Amino acid sequence: EVAAGVRAEMERIRPELQPGTVLEVNMDRSIFIAESMKEVVVAMVIAVLLVLAVIYLFLGNVRATLIPAVTIPVSIISSFLVMAWLGFSINVLTLLGLVLAIGLVVDDAIVVLENIYRRMEDGEPPLIAAVDGSREIGFAVIATTLVLTAVFVPISFLQGNVGKLFREFGITVAAAVLFSALVALTLTPMMASKLLAGGTTRSWMSNAVDGFFHRLSTFYDTLLRRLMRRPWLVVGATLGAMVVAGLLFRVLPSELTPP
């Protein structure tokens, strides 16, 4: 807005200049700001498409995919209420927070939907499956939401320049996650009871994904049983990984922002 105002003022002043006087822009940082904002918006669109693609890959049902998809715009737009209340603006950092939130806000809705979907596959009527399924998983949804909030809110209270930068980022993400829990426990069950009333059908793609994960689960079960008989091997590997991580942390260079 400042840059646009300066350009408009330049155009107003230019006719009044003395002959031979030239008024031009030497440097305009708003170009880089605008382009970075565009890149973040593009990243947001890509994130939404990828999230929806993964959900469809596992559920294999277009109507079921629409349910958590609705969570994204509702949670993101609802977070604007908190941003406006605290005097935040839509800037690069708040937009980056929303890009990150896209992957987080669908988690609760997916957990609730999957539980309802499983009950319907077991033969429960849609309405009963929606009520009992959301009630059964409600405490877990609230717990995970509070954990995520506890992770992001402290970022907003960091001291110095880093704290000033990430104050809006942390609170924006936390607000979107809190609203997503509300949506997951209210809107998601209602939509599931209506949109999935016709029954649950899976595509060949989701069946293939299910088959892969069943094989992976069997492999993991076998490996876990073997390692449980060798606990010191697991403890030793964990301690070794911690030592290596500590050494790498000391070796890697540290800086506020990348070059």
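Helices (H or I, at least four residues) and strands (E, at least two) are DSSP runs, numbered from the N terminus. The structure is a predicted model, in which local features need pLDDT of at least 70 and side-chain atom pairs count only at pLDDT 80 or more, while totals for chains, interfaces and linings use all residues. Residues are numbered from 1 along each chain as its sequence is written, and side-chain values use heavy atoms, with hydrogens and water left out.

The predictor's confidence in each residue is given by pLDDT, from 0 to 100. The protein chain has an average pLDDT of 87, and 98% of the residues score at least 70.

Val54, Phe58, Phe212, Phe213, Leu216, Phe219 and Leu223 make a nonpolar surface patch of about 630 Å². Two or more residues of the nonpolar patch come from each of α2 (30-59) and α7 (204-228), and α7 gives the most, with five residues. Patch residues have over 30% relative accessible area and no salt bridge, and nonpolar side chains (Val, Leu, Ile, Met, Phe, Trp, Tyr) are joined within 5 Å. A salt bridge is a side-chain nitrogen of Lys or Arg within 4 Å of a carboxyl oxygen of Asp or Glu. Accessible areas come from the Shrake-Rupley method with a 1.4 Å probe, and for residues only the protein chains shown count as cover.

Leu223 lies in helix α7 and counts as partly exposed because its relative accessibility is 37%; buried means under 20% relative accessible area, exposed over 50%, and partly exposed in between. Arg119, in helix α4 (residues 92-121), counts as buried because its relative accessibility is 15%. Not counting residues up to four places away in sequence, Arg119 touches Glu124, Ala129, Asp132, Gly133 and Glu136, where contact means heavy atoms within 4.5 Å.

Technical notes:
Patch = residues over 30% accessible without salt bridge, like charges linked within 9 Å, V, L, I, M, F, W, Y side chains within 5 Å. Buried < 20%, exposed > 50% of the residue type's maximum accessible area, 1.4 Å probe, protein only.
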